[in-house]
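Please study the sequence and the model shown below. The paragraphs that follow lead through several of its features, one after another.

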Amino acid sequence: MAIPLAASAEPIVIGHSQPNLGWPYIAAFSNALEAAAKNAGDVEVVTLSADGDIAKQSTDIASLVNRKVNVLLVTSLDANAVAPALKQAHDAGIPILAVSNEPAKVAQDFLAGFSGPDDYVQGRLAAELLNEALAGKGNIAIIEGSPGQSTTLARTQGLKDRLAELKSGITIIGAQTADWNPVKAKDVAQAFLTAYSDDLAGVFAQDDNSGAAAAEVFKAAGRSDIKVVGTGGTINGLKAIKEGLVYGTVEQSPAKDAEQALKFALALAKGESLPEKRNVIPMAKITAGNVDQFKGEW
């Protein structure tokens with residue numbers, strides 16, 4: 001659906017700083033944002049990828065500030081390290097919308113707001129799925145995203161907090177990063193098998209692609225009994241649920257994420273305020289019972 005935009009003498013220029021366009025969700029979000037902007041009228045999106053380097057993300061943001069973009073969208077690579085760059089944009093009078101994930105508390109005063117998924121809630125929903133899959137007991141390990149990224153930290157904390165609230169007998173016995181990379185996730189899964197053997201009952205993979213990759217390793221090792229829960233609602237994740245390799249996941253739609261982000265970016269460019277400081281996209285738990293209701297976007 002096209003987003004109506006009042007006619008103006010100059011196009012609205014949206015600066016868009018992403019941590020790594022090589023990450024599947026980031027690429028899908030960026031493509032959806034570009035597509036939505038084309039339908040919005042006189043809008044230009046300038047997307048820069050930090051390629052996994054926080055120093056480059058800071059430089060990217062400085063470049064967008066120097067270009068005097070009307071609005072800055074930022075998905076932070078490092079929740080704390082991005083703060084000085086955001087302060088520079090804020091001091092230049094550029095409204096900043098954090099998208100997809102949130103910077104740390106130290107940077108919150110520089111933001112006009114946040115739009116995207118709630119990673120902490122995703123971790124909580126994953127805890128509920130694992131507690132259900134394992135009947136409230138057993139040892140699990142976590143395949144994490146990038147170290148220090150707010151997405152990684154929030155999903156882990158949400159998982160821990162919800163398991164505690166449920167008074168679950170599930171114990172987290174290990175965690176290792178795969179950097180959102182399914183190839184690395186296979187190595188992590190093998191490392192978990194080596195380290196924990198029969199003690200491992202479940203895995204929380206912080207993205208579906210890593211979860212599906214890990215489940216393949218477990219199946220090949222004759223350990224299809226290991227319950228895997230992911231997050232994202234990806235094409236691979238939904239397929240793995242249908243095939244019985246993955247127990248469940250949590251929906252995260254890059255299209256919904258991007259469309260909401262653009263809507264709020266245009267509002268900020270016009271000097272309007274956001275509905276809330278934090279604006280969370282819809283999310284849902286997905287298992288074999290309702291997987292046919294969802295279509296993977298990435």
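Which residues line the second largest cavity? They are Ala 215, Phe 218, Lys 219, Arg 223, Ser 224, Ile 226, Val 228, Gly 244 and Leu 245. The model is predicted, with local features requiring pLDDT of at least 70 and side-chain atom pairs counting only at pLDDT 80 or more, while totals for chains, interfaces and linings use all residues. Residues are numbered from 1 along each chain as its sequence is written, and side-chain values use heavy atoms, with hydrogens and water left out.

Some terms are needed for this cavity. On a 1 Å grid over the protein atoms alone, a cavity is a set of points where a 1.4 Å probe fits but cannot get out, whereas a pocket is an open set with protein on both sides within 12 Å along at least five of seven lines; a lining residue has an atom within 4 Å of a point. Grid points are joined across faces, edges and corners, and a volume is the space filled by probe spheres set on the points. The second largest cavity holds about 50 Å³ of space. Helix H7 (residues 208–220) supplies the largest share of its lining, three residues; helices (H or I, at least four residues) and strands (E, at least two) are DSSP runs, numbered from the N terminus. By class, this lining has five nonpolar, two polar and two charged residues. Here Ala, Val, Leu, Ile, Met, Phe, Trp, Tyr, Cys and Pro count as nonpolar, Asp, Glu, Lys and Arg as charged, and the others, Gly among them, as polar.

A search of the whole structure finds two cavities of 30 Å³ or more. The largest cavity has a volume of about 230 Å³. Its lining is made up of 18 residues, and those nearest its centre are Tyr 25, Ile 26, Thr 151, Arg 155 and Trp 180. Helix H1 (24–40) and helix H5 (150–165) are the elements that give two or more residues to this lining, and H1 gives the most, with three residues. The lining of the largest cavity comprises six nonpolar, nine polar and three charged residues.

The largest pocket contains about 190 Å³ of space. It is lined by 15 residues, of which Glu 102, Tyr 120, Ser 150, Ala 154 and Arg 278 are the closest to its centre. Helix H4 (119–133) and H5 each supply at least two residues of the pocket lining, and the largest share, three residues, comes from H5. Eight residues of this lining are nonpolar, three are polar and four are charged.

Attention now turns to the strands. Strand E1 (residues 12–18) and strand E3 (residues 71–74) pair in the parallel sense over four bridges; two strands pair if DSSP finds at least two bridges between them. His 16 has Leu 73 in E3 as its bridge partner. E3 also pairs with strand E4 (residues 96–99) in the parallel sense, over three bridges, and the bridge partner of Val 74 in E4 is Ala 98. From E3 the chain crosses through helix H3 (residues 83–91) to E4, and this β-α-β crossover is right-handed: with the strands pointing away from the viewer, the path from the first strand over the helix to the second runs clockwise. Both faces of E3 are covered, with Val 71 and Leu 73 buried on one side and Leu 72 and Val 74 buried on the other. Buried means under 20% relative accessible area, exposed over 50%, and partly exposed in between (1.4 Å probe, protein chains only).

Why does the pair of Phe 192 and Tyr 196 count as tilted? Rings of Phe, Tyr and Trp (its six-membered ring) pair if their centres lie within 6.5 Å; planes under 30 degrees apart count as stacked, over 60 as edge-to-face and the rest as tilted. By this rule the count comes to three aromatic pairs. The ring centres of Phe 192 and Tyr 196 are 5.9 Å apart and the planes stand at 40°, so this pair is tilted. Both residues lie in helix H6 (residues 182–196), four residues apart, about one turn of the helix. Phe 192 is buried, with a relative accessible area of 2%, whereas Tyr 196 is partly exposed at 21%.

Two loop residues complete the account. Lys 68, in the loop between helix H2 (54–66) and E3, has a positive phi of about 60° although it is not a glycine. Lys 68 is exposed, with a relative accessible area of 69%. Ser 197, in the loop between H6 and strand E8 (200–205), has a positive phi near 50° and is partly exposed, with a relative accessible area of 37%.
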